[in-house]
Amino acid sequence: MLHAQFDPTARQLLAAAAVEAKTRKDLSWQQIAEASGLSVAFTTAAVLGQHALPEGSAKAVAELLGLDEDAALLLQTVPTRGSIPGGIPTDPTIYRFYEMLQVYGTTLKALVHEQFGDGIISAINFKLDVKKVADPDGGERAVITLDGKYLPTRPF
C-alpha cells in the first residue's frame with residue numbers, strides 16, 4: 001500500500017543522510033539512478049525528498065547508500081513536495097532559475113497558451129533532462145529540457 005507524508009521533516013532528514021552517504025561513498029547521481037533503474041532526474045528528485053520511489057528502486061538505492069530498512073521504506077512514501085522554502089531563493093543556482101522564470105515566465109505562458117490553449121504543463125506527467133554541451137564561442141552550455149504533458153482547462 002502506498003502511504004503519504006504530511007510532515008516533510010522525515011524526508012528532509014533522510015535527504016541529508018543520503019547526500020552525506022553519496023559524498024562519503026563518492027557516488028554520482030547517475031550511479032544512484034543506475035541502481036534505481038530510473039532516470040537520473042527522477043531518482044535525484046526522489047532521494048532529495050520530492051518523489052516516492054517504487055519498492056525495488058528504494059531498496060536498491062538504500063543498499064547502495066548504506067541506509068537502513070527504515071530509510072528504504074521512507075523512500076517509498078509520497079512526500080510533501082516543495083524543496084524551496086518561502087521567499088526569494090538565495091542559492092545562486094536556484095536563484096538563476098527563479099530569475100529565468102521572472103524574466104521568461106510570462107513569455108512561456110503566452111507561447112503555451114497560443115500554441116495549446118488554456119491549460120497547464122504537468123509537473124507530474126513530466127520528464128527532465130540536463131546535458132552539458134560545448135559552446136561554439138568557447139566554454140560550456142547547459143541544455144535543460146522540461147518535457148511535460150499539456151493538460152487543457154475543462155469547463156464544468
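1. Arg141 belongs to strand 2, which spans residues 140–152; strands here are DSSP runs of E with at least two residues, helices are runs of H or I with at least four, and both are numbered from the N terminus. Leaving aside residues up to four places away in sequence, Arg141 touches Lys131, Lys132, Val133 and Asp135, where contact means heavy atoms within 4.5 Å. The C-alpha atoms of Arg141 and Lys131, ten residues apart along the chain, lie 8.3 Å from each other.

2. On provenance, the model is predicted: local features need pLDDT of at least 70 and side-chain atom pairs count only at pLDDT 80 or more, while totals for chains, interfaces and linings use all residues. Residues are numbered from 1 along each chain as its sequence is written, and side-chain values use heavy atoms, with hydrogens and water left out.

3. Of the 156 residues, 26% are buried, a class defined by under 20% relative accessible area, with exposed meaning over 50% and partly exposed in between (1.4 Å probe, protein chains only). Among contacts between residues at least 6 apart in sequence, 54% join residues at least 24 apart.

4. The largest nonpolar core contains 16 residues, and those with the most contacts inside it are Ile32, Leu53, Val61, Leu65, Leu67 and Leu75. Helix 1, helix 3, helix 4 and helix 5 (69–74) each give two or more residues to this core, and helix 4 provides the largest share, four residues. Such a core is a set of buried Ala, Val, Leu, Ile, Met, Phe, Trp, Tyr and Cys residues joined through side-chain atoms within 4.5 Å.

5. Ile32 touches Lys22, Leu27, Thr43, Val47, Val61, Leu64 and Leu65, not counting residues up to four places away in sequence. Helix 2 and helix 4 pack at about 135° with axes 8 Å apart; axes are lines fitted to C-alpha atoms, for helices over the stretch in contact, and angles run from 0 to 180 degrees between N-to-C directions. Helix 2 is therefore oblique to helix 4, since angles under 35 degrees count as roughly parallel, over 145 as roughly antiparallel, 65 to 115 as roughly perpendicular and the rest as oblique. The residues in contact are Gln31, Ile32, Ala35 and Ser36 of helix 2 and Ser57, Ala60, Val61, Leu64 and Leu65 of helix 4.

6. In helix 3 (residues 40–47), Ala41, Thr43, Thr44, Ala46 and Val47 are buried. Their cover includes helix 1, helix 2 (29–36), helix 4 (55–65) and strand 1 (119–134). Gly49 follows helix 3 and has a positive phi, near 95°.

7. Asp26 is situated in the loop between helix 1 and helix 2. Its phi is near 55°, a positive value in a residue other than glycine. For context, most residues other than glycine have a negative phi. Asp26 counts as exposed because its relative accessibility is 67%.

8. Gln5 is located in the segment before helix 1 (9–24). Its relative accessibility is 12%, so Gln5 counts as buried. Not counting residues up to four places away in sequence, Gln5 touches Ala10, Arg11, Leu74, Thr77, Val78, Pro79 and Thr80.
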